[in-house]
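Here's a quick briefing to read alongside the model. Have the sequence and the 3D view open, and we'll go from the whole chain down to a few packing details.

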Amino acid sequence: MGVTTKKENGKRKLANADGGKSKKAKKVEEEVPSSSDEEMSSEEEEKESEDELDASSSDEDELDNSDEEEVDEEKAQKTKESRAEQKKLREERKKGRQHGEKIQHIKKLWEQLRVKSGITAEARKKLVDGIWEQTHDIIRDLVFKHDATRVIQTIFKYADKEKRIAITKALKGSYVELAKSSYGKYLLVKILHYGSKDVRDDVLNELHGNFRKLMRHKEGAYVIEDAYRDYSTAAQKRQIVREFYGSEFAVFKDQTDTRTLKDIIAENPDKRPFLMKNLKGTIESAVLKGSIGFTIIHAAMLEYVRNIDPTSSEREDFIDLITEQFAEMVHTNEGSQVASIVLSIATAKERKGLVRSLRSFASKCCEDEYGQYVMLSLFNTVDDTVLVTKAFTPDFKENLPDLLTSKSGRRPFLYTLVGRSPRYFTKPTIDRLNVVDECKKNTSKKEDDVRRLELNKGFSPMILQLITDQASELLKDNLGSQFIAEALLYAHDTDRTAAAEAVVLAFTGSPGEEDHLIHEPVNQRTLRTLIQEGHYNGKEKKVERTSEPELNFKSMLLPVVNENLIEWATGDGSFVVVALLENLQDKEKKNLKKSLNSHIKDLKKAADSNKGSKLLLELL
C-alpha cells in the first residue's frame, strides 16, 4: 500500500464534501424549491441573522437586569438590616451607660421643650417639671455628657428661680472643670447669662485664681472672654486682667484695688520686668492661638502698651506679634486704643506693615464704632501719605456711597477736609487724638496740617467724582447732604465745578412737587452754606468763609431758582433766596430784587407763616 500525503487527504475530504453526499441528503435537496423562485438574498439573510442576534441579546439583557435588580434588592435589604442592627446595638450601649435609660427618656422630653415657637407657657412648665423630676439628683453626672448637658442648659434657661439655685448649688466646686470641658463650657455661659447677680459673683469668685490658666486653655478662653465682656463689673474686670500680671495677684483678691499696671510699677519699679513678662506671655499665647479678637486680650494689651518702653525690644516684639492680625483688634474700645497707640509709636517701616494689614478692611474699619478712631489715628500719624492713599483708595472707592452716608464712616474723610472741627468731632474723640499726638512726638515728622492737606489732595478726586455721578442720591440722605457742603468748600487742588453743577442740577424742577429736594431741611442748610461760601459762626455772629478759591456756587444756582422764583421764595426754599439776596454781586442782586418785587403780594401773603418770606420783604 502506497503512502498518501496530507495534501492528498485534504483534497479527498473536499471532494467528499461536494459530491459524496448521502442519498438522504440528495432527497432533501430535491424537495427544496429552486433558487430562481424564492431564494433569499445574502443581505436579507444577514439582516435576519442580526435580528435574531439582537432579539437573543435583548432577552439576555433582560435576564441580566432582572438578576442585577434582585441582587441590588437583596443587598439593600441586607444593608437595611445591618443598620437596624447597628442602631439597636447603639441604643443598647447608651442604655447600658450610667443613667442611660433616664437620659434617653429626658432627651425625648427635651426635644419638645427646646422648640421656640408653637408651645404654650403651661406646656413648657410641665415639660420642665417632668425633666426636673428625673434629673434634679444627678445634675453633676449629666453636665459633662455631650447630649445630657444640653438638656440641663435648656432647663436652666426656662426654669424658675428655685430650680436655678438648686442647679448652681449642685455644680458648686465644678465651675473650673466646666470651663475646661468641651461640652460643659456652654452650660457655664448659660449660667452666667440667665443667672442672678449673686450666681455670677459665685461663678467668678470660684474661677478666681484660674483666669490666667483658663486664658491659655482652648475651651476655657471662650468662657473667660464671655464672662469679662458681658457679665463682669468694672471691679471684676480689673481683677481678671490683674491676674495676668503674676501669681501673687491670683492668690490675693481685692476688688476695691483700682490700681493700674502703671501705678503698680511706679510703686515697685523692680517688679516691672517680671510683670511685663507675665502679661506679654498671656497676650502672646492668646494671639498665637487665634484669640486676638477677644476683648479681654485687648484690655491686657492696653495695659501693656501703656507701659511699654518705646526704645527697647518690647515695642518691636509687640508690633511684630500683632501686625498680621492688626485688623482683628480694631472693633472694641480697648482694641482701638491699642491700635492707635501702636500706630503712634511705630517706625515708618512698621507703619507700612500695619497699613498693608488694614488695606482690605479700610471701609469696614471706618464704619465701625471704634474702628473709625484707628483710621483717624492712622491719618494723624503716618507720614507716607502716598502709601496711605494708594493702599486705601481701591477699597474706599468701591464703598464710598455707603461711607459718606454713614455716621462713623464719613468722619475720617471729614477730618481730611475740615480737620478736628467741633462740628463733627466730640471732645472725647479729640481727647483720644491728643493721646496719639503725645505718643507720636518722636516718630512722626510732618506737621498735622501738612499731612492732612496731602491726604485731602489724594482722596478729593474720588469724592468729587462720586458727587458728580450721584449728587441726587447723596442729597436724599442728611449725612450725605452735609458731606457735600464740606467737600465743595474744602476739597483742595481739584476742579469742583462739575460736582457743583451736578448738585445744582439736582434742584431743578418745581419746589411745589412733593419729592423736590428743597423740602429736606438739611438741603436748605447745605445750599445756604454753599451760597455764603462757609459756615455761620453763632458765637461770633459771622460767616467763616473758606480760604479756597471762590466756587461761585450762588451764580450757578440762581438760574434754577429764577425758573420757579415765587415757589422758592414762599416755600421751603425761602431762606435760600435770602442767602442769594445777601451774597450775590450788585448786578445779579439788583435783577433778583426786581423779580421779587413783581411778586410782592405773594410774598406778603406768605410772610404770615413763613419767616424766610418775611425776611425777604425786609431786605426788599
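Of the 620 residues in the protein chain, 44% are buried. Keep in mind that this is a predicted model. Its secondary structure comes to 37 helices and 2 strands. If you take the contacts in the chain with a separation of 6 or more, 67% of them join residues 24 or more positions apart.

- Helix H12 covers residues 197–207, and its buried residues are Val199, Asp201, Val203, Leu204 and Leu207.
- An α-helix has 3.6 residues a turn, so residues three or four places apart point the same way.
- The cover over the buried residues of H12 includes helices H9 (161–171), H10 (175–180) and H11 (184–194).
- Helices H13 (211–215), H14 (220–231) and H15 (234–242) are also among the elements covering them.
- Just past the end of H12, Gly209 has a positive phi of about 95°.

**Lys185 in H11**

- Is Lys185 buried or exposed? Its relative accessibility is 10%, which is under the 20% cut-off, so Lys185 counts as buried.
- Lys185 sits in helix H11, and its side chain makes a polar contact with the side chain of Glu219 at 2.4 Å.
- Leaving out residues up to four places away in sequence, Lys185 touches Leu178, Ala179, Glu219 and Val223.

**H8 against H9**

- Helix H8 (residues 148–158) packs on H9 at an angle of about 140°, with the axes 8 Å apart.
- That angle makes H8 oblique to H9, and the crossing is left-handed.
- From H8, the contact uses Ile152, Ile155, Phe156 and Lys157, while H9 brings Arg164, Ile167 and Thr168.
- By type, the residues of this H8–H9 contact divide into 4 nonpolar, 1 polar and 2 charged.

**H28 against H30**

- How do the axes of H28 (residues 448–475) and H30 (residues 497–506) cross, and at what angle? They come within 8 Å and cross at roughly 15°.
- That makes H28 roughly parallel to H30, and H28 passes H30 in a right-handed crossing.
- On the H28 side you'll find Leu464, Ile467, Thr468, Ala471, Ser472 and Leu475, which meet Ala498, Ala499, Ala502, Val503 and Ala506 of H30.
- The residues of the contact of H28 with H30 come out as 9 nonpolar, 2 polar and no charged.

Methods:
Residues are numbered from 1 along each chain as its sequence is written. This is a predicted model: local features need pLDDT of at least 70, side-chain atom pairs count only at pLDDT 80 or more; totals for chains, interfaces and linings use all residues. Side-chain values use heavy atoms; hydrogens and water are left out. Buried means under 20% relative accessible area, exposed over 50%, partly exposed in between (1.4 Å probe, protein chains only). Helices (H or I, at least four residues) and strands (E, at least two) are DSSP runs, numbered from the N terminus. Contact means heavy atoms within 4.5 Å. Axes are lines fitted to C-alpha atoms, for helices over the stretch in contact, and angles run from 0 to 180 degrees between N-to-C directions. Angles under 35 degrees count as roughly parallel, over 145 as roughly antiparallel, 65 to 115 as roughly perpendicular and the rest as oblique. A crossing is left-handed if the near helix is turned anticlockwise from the far one by less than a right angle, and right-handed if clockwise. Ala, Val, Leu, Ile, Met, Phe, Trp, Tyr, Cys and Pro count as nonpolar, Asp, Glu, Lys and Arg as charged, and the others, Gly among them, as polar. A polar contact is a pair of N or O atoms within 3.5 Å; within protein, one must be able to donate a hydrogen and the other to accept it, and residues adjacent in sequence count only if both atoms are side-chain atoms.
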